[in-house]
Each structure stands twice: as structure tokens, then as C-alpha cells.
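Here is a friendly walk through the strands, cavities and pockets of one protein model. Please keep the viewer open while you read.

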Amino acid sequence: MIRILANDGIDPIGKDLLEKAGFQVDTSHIPQAELSEGLKNYDAITVRSATKVRKELIDACPNIKLIGRGGVGMDNIDVDYAREKGLAVVNTPAASSLSVAELVFAHLFTGIRFLQDANRKMPIEGHSKFNDLKKAYAKGIELRGKKIGIIGFGRIGRETAKVALGLGMDVLAYDLFEIPKELELTLGGNVRVNCPVNALSIEQLIKESDFISLHVPFADKPVLGKAEFAMMKDGVGVVNCSRGGTIDEDALLEALNSGKVGFAGLDVFDNEPNPRQDLLSHPNVSLTPHIGASTNEAQERIGTELASLIIDFFKK
């Protein structure tokens with residue numbers, strides 16, 4: 001019997017599909033330090049972002065035939081090395097796109113109406129300083145008619161663009177690969193409309209955007225650093241639901257404190273799971289703990305797709 005360790009969990013639908021196909025699925029988490037020994041009892045491992053599958057672990061467990069990543073980014077897996085050793089490495093890049101895109105807009109709506117600060121202060125000061133807080137948060141803005149710059153126009157970037165277009169925003173896009181001139185939106189009643197997308201250089205995008213959303217994999221250097229913040233419009237909103245390390249956090253804090261960046265929405269951080277306190281406590285930062293794909297619907301899609309990929313591999 002094929003044994004699979006779902007070390008970061010798997011949706012019950014995916015687990016059920018695997019078990020019906022004759023696989024044994026173990027969802028008990030093995031700590032990273034103990035994986036090299038514990039993984040020797042399995043034929044495959046599935047992970048999300050928490051567990052790392054590096055060269056040393058791959059070498060220690062020659063019994064492993066497949067590594068599955070429930071989600072998009074695979075920077076926690078030494079993918080090329082694993083494939084060189086003959087392992088299959090699979091992921092589910094499309095399953096969580098809408099969930100991440102909607103979280104981007106949760107942060108955007110939070111930032112433009114000061115909800116991150118209001119939700120901190122209302123429980124403490126709302127009963128005694130209601131009118132002061134009302135005045136403090138009276139200068140919100142609307143998203144309609146504003147320009148959103150999307151850096152990284154893959155599946156998640158395009159889904160983010162569709163939400164933006166549906167809200168009446170202008171989409172500016174940058175990617176290393178070709179960008180479509182328009183995207184098709186499906187509205188209520190199965191009405192389909194084509195909406196334009198403006199492809200720009202990254203410098204143009206940074207200069208022209210009212211809001212910037214990152215959708216790029218982990219890189220050796222930040223995509224947004226001090227020089228990039230200097231090019232932005234005053235009061236720009238920046239959202240990162242991609243990967244920690246893609247924004248220089250020192251430069252971001254400096255830009256927030258100067259007012260160059262009006263607000264930031266962060267789902268990912270440099271030093272996860274121990275992000276820096278000065279960023280967490282900043283009044284102009286909306287915060288979530290790396291939950292972009294954490295919706296019931298996305299996890300069901302991830303579990304189903306991951307199970308299908310595993311079944312296809314071992315049954316071929």
C-alpha cells in the first residue's frame with residue numbers, strides 16, 4: 001500500500017479521494033527536525049508553506065517518490081534537485097487564485113477606509129472619543145476609477161485583475177512573460193465582457209499606480225526597495241499576498257513613516273513565523289498571517305487537485 005504523509009494537512013475531500021483509491025494517508029504533523037527519520041515510512045509527502053523539503057531531506061529519504069505542494073509557490077522545495085533524483089514534484093497553481101485575489105481586496109478595502117486602525121482603537125476609545133475617531137477616519141477614498149498596478153501577471157495576478165476590473169479600476173500589468181491585451185469577466189447571469197489590460201514596464205507601473213499588488217515568486221532581492229518606493233505616487237497603497245522577501249521591509253517602514261506609502265496590506269513577511277514587531281504594530285498596516293489560500297473553497301479545490309495528481313502518478 002502506498003503511504004502518504006500530508007505533513008501540513010489536506011482537505012478531507014482530498015484525503016477521502018486518496019483513501020478510496022487505496023492509499024494510506026497520514027495527517028499527523030512531523031516536526032521539521034524529525035522529518036528525515038519519520039519520512040522514511042512513507043512513499044510521498046504533501047506540504048503547504050510550513051514544511052521545507054530541501055536537498056538534505058531528499059537525500060535522507062530515498063524511499064520518497066513524490067512531493068506534492070498544496071498551493072502555488074514551491075520555494076520551500078528544492079524542486080530541480082528533487083527532479084534530478086527522479087522524484088515527481090507537483091503543485092496546484094490554479095486552485096487558490098480567487099481566494100488570494102479576494103484577500104488582496106480585503107486589504108485594499110481595509111486600507112482605504114482605515115479599518116486596520118479603527119478596529120484597534122474603537123474597542124478602546126470608541127466609547128469616549130467617538131467623534132474624534134469619526135473625524136480621524138473621514139477621508140476615505142473609493143477604488144473605482146483608480147489605477148492598480150499588478151506586478152506578476154500569472155494566474156493569481158490575472159484573477160486579481162478581474163476583481164479590479166469588476167470594481168471599475170484601471171489595470172496596469174507587468175510580467176516577464178507576455179500579457180494579454182484584455183481579460184474576460186463573467187458577470188451575473190453568465191454575461192461575459194472583455195476588459196482592457198495595460199501592459200507597462202515595471203518602472204512605468206510603479207510611477208503611475210494608485211495601488212500596487214505583488215504576485216511574484218520568491219527572488220534573491222526585493223522587487224520593491226528604497227528606489228522603487230521613491231518612484232511611487234505619494235500616498236500609494238501597497239499589498240503583498242505573494243512571498244516574504246519581495247518587499248524590503250526597512251524601506252517599506254521608512255515609506256510608511258514618511259507618508260510616501262499611505263498604507264500597506266501584508267499577508268507575508270520576511271521572517272515567518274516571527275515577523276518584526278514594528279511592522280505588526282504600525283497603524284497604517286493591515287495584517288493577516290499568510291492565509292491567502294485559506295478559504296474552505298480553495299482548500300477543497302487544492303485537496304481534490306492534489307489527490308488527482310498523486311493518484312495519476314502512482315496508478316500510471
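## The five-stranded sheet

Five strands line up as β2-β1-β3-β4-β5 in an open sheet, and their pairing is parallel. At the edges sit β2 (24-26) and β5 (88-91), each of which pairs on one side only. From one strand to the next, the twist averages 20°; the axes here are lines fitted to C-alpha atoms (for helices, over the stretch in contact), with angles from 0 to 180 degrees between N-to-C directions. Strands are DSSP runs of E with at least two residues, helices are runs of H or I with at least four, and both are numbered from the N terminus. Two strands count as paired if DSSP finds at least two bridges between them.

The model is predicted, so to speak of local features a pLDDT of at least 70 is needed and side-chain atom pairs count only at pLDDT 80 or more, while totals for chains, interfaces and linings use all residues. Residues are numbered from 1 along each chain as its sequence is written, and side-chain values use heavy atoms, with hydrogens and water left out.

## A β-α-β unit

Strands β6 (residues 147-151) and β7 (residues 170-174) pair in the parallel sense over 5 bridges, with Gly149 opposite Leu172 in β7. Together with helix α8 (residues 155-166), β6 and β7 make a right-handed β-α-β unit. Right-handed means that, with the strands pointing away from the viewer, the path from the first strand over the helix to the second runs clockwise.

β7 also runs parallel to strand β10 (residues 198-199), through 2 bridges. There, Ala173 stands opposite Ala199.

A search of the whole structure finds 2 cavities of 30 Å³ or more. On a 1 Å grid over the protein atoms alone, a cavity is a set of points where a 1.4 Å probe fits but cannot get out; a pocket is an open set with protein on both sides within 12 Å along at least five of seven lines, and lining residues have an atom within 4 Å of a point. Points are joined across faces, edges and corners, and a volume is the space filled by probe spheres set on them.

The largest cavity has a volume of about 70 Å³. Its lining includes Gly9, Asp11, Arg48 and Leu306, and α13 gives the largest share, 4 residues. By class, this lining has 4 nonpolar, 5 polar and 2 charged residues; Ala, Val, Leu, Ile, Met, Phe, Trp, Tyr, Cys and Pro count as nonpolar, Asp, Glu, Lys and Arg as charged, and the others, Gly among them, as polar. The second largest cavity holds about 40 Å³, and among its lining residues are Asn240, Arg243, Phe269 and Asp270.

How much space lies in the largest pocket? About 1,300 Å³. Of the 48 residues that line the largest pocket, Gly73, Asp75, Val216, Ser242 and Arg243 are the closest to its centre. Helix α8 supplies the largest share of this lining, 3 residues, and the lining divides into 21 nonpolar, 16 polar and 11 charged residues.

The second largest pocket has a volume of about 240 Å³. Ile141, Phe211, Gly235, Gly262 and Phe263 are the closest to its centre among 19 lining residues. α5 (97-112), β12 (236-240) and β13 (261-266) each supply at least two residues of that lining.
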